[in-house]
Amino acid sequence: MIKIGSCTVLYNPDSSVISNIETYSNLFDVCVVVDNSDSINEFSKYFEDNPSFVYISMHGNQGIAAAINAGVEYLNSKGMDFVLTMDQDSQFPTKDFEKIYRLIEKYKDEYSLIGLDVNKVSDDQEIKDVPYWITSGNFVNIRDFYKVGQMNVSLFIDYVDFDLGYRFKQANLKIGYLPGYCILHTIGNPIEIQFLGKTFYAFNHSPIRYYYRYRNSYYLYHYVDKEFFKKEYHREIFGSLIKMFLFEKNRKEKVKMIKKGIQDAKLNHLGKFE
């Protein structure tokens, strides 16, 4: 039987975060919450004072990469085989846990990272190979996580998952996702767009998130591997950017931060934006 611990990253949590994490916390051998909050609030204190959780404070926002690394380090010290990584507001399909666990057992020797689908499910129960997967809702083999060097803290937040996928590929380790099971997960502050009978979304990120997204995607595409990161880089340039101009507010500040992000990427100025 494999041992699985969960690692959920907090950022200025509210009461809904508590109720959400408690839906899946008792499913795993160890439940770690890593707090990246700017300051500790009453909801952070709830996790710190509750013996059902292992609470780790990062003493300010150190980025999702550093937070996950800290959580995995603790779980590794407790002998866990896999870690489930979760955002604080992502909802885990609790009722399907036993089926998901059996699939993790089935594929544990073949796949180093097994993700759940996002916001949709299908009848297909076969695992699907992918080059990378988003951070939330991932079951990651801890041994292989250390083999490829953990999360890249220099990226801070956006694209840390795609970068991890790249390093798994370089190490000839497989990534897959389970289309029959999904987390509920919101990216950004989406704006719904109706066009020609179809629904699209503009992510409507904050200016600082646009900084990280464009800095990191530009850096990975131009200086790490153009072929591997081409799809996501082009999605930012030809998809997200156009929708931002057409549908989002505060465009002037967002464009300013995008330009700053690309400039910093060219100068190899990574890490936390100061």
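Colleague: To begin, is E232 buried or exposed?

Modeller: E232 is buried, with a relative accessible area of 6%. Buried means under 20% relative accessible area, exposed means over 50%, and partly exposed lies in between, using a 1.4 Å probe and protein chains only. Please note that this is a predicted model, in which local features need pLDDT of at least 70 and side-chain atom pairs count only at pLDDT 80 or more, while totals for chains, interfaces and linings use all residues. Residues are numbered from 1 along each chain as its sequence is written, and side-chain values use heavy atoms, with hydrogens and water left out.

Colleague: Which residue forms a salt bridge with E232?

Modeller: The partner is R235, and the closest N and O atoms of the pair are 3.4 Å apart. A salt bridge here is a side-chain nitrogen of Lys or Arg within 4 Å of a carboxyl oxygen of Asp or Glu. E232 and R235 are 3 residues apart in helix α8, about one helical turn. R235 is partly exposed, at a relative accessible area of 42%.

Colleague: How are the helices and strands assigned?

Modeller: They are DSSP runs numbered from the N terminus: helices are H or I with at least four residues, and strands are E with at least two.

Colleague: How many salt bridges are there in the whole structure?

Modeller: The search finds 17. One of them joins E48 to K45, with 3.5 Å between the closest N and O atoms. Both residues lie in helix α2 (residues 42-49), 3 residues apart. E48 is partly exposed at 40% relative accessible area, and K45 is partly exposed at 37%.

Colleague: And what does R213 pair with?

Modeller: R213 forms a salt bridge with D158, the closest N and O atoms being 3.4 Å apart. R213 lies in helix α7 and D158 in the loop between α5 (142-147) and α6, so the pair ties together parts that are 55 residues apart in sequence. R213 is buried at 12% relative accessibility, and D158 is buried at 6%.

Colleague: Which residues are linked with R213 in a network of salt bridges?

Modeller: The network links D158, R209, R213 and E236.

Colleague: How are pockets, cavities and their volumes defined?

Modeller: On a 1 Å grid over the protein atoms alone, a cavity is a set of points where a 1.4 Å probe fits but cannot get out, whereas a pocket is an open set with protein on both sides within 12 Å along at least five of seven lines; lining residues have an atom within 4 Å of a point. Grid points are joined across faces, edges and corners, and a volume is the space filled by probe spheres set on the points.

Colleague: How many cavities of 30 Å³ or more are there?

Modeller: There is 1, and about 50 Å³ of space lies in the largest cavity. Its lining includes V83 and T85. The elements that give two or more residues to this lining are α3 (64-77), β4 and β7.

Colleague: Is β4 mostly covered or exposed?

Modeller: Strand β4 (residues 82-87) is mostly covered, with 6 of its 6 residues buried. F82, L84 and M86 are buried on one side, and V83, T85 and D87 on the other.

Colleague: Which strands pair with β4?

Modeller: Strand β1 (residues 4-10) runs parallel to β4, joined by 6 bridges, and C7 has T85 as its bridge partner. Strand β7 (residues 138-141) is antiparallel to β4 over 4 bridges, with L84 opposite F139. Two strands count as paired if DSSP finds at least two bridges between them.

Colleague: What is the strand order in the sheet?

Modeller: The open sheet has 8 strands in the order β3-β2-β1-β4-β7-β5-β8-β6, with mixed pairing. The edge strands are β3 (54-57) and β6 (128-129), each of which pairs on one side only.
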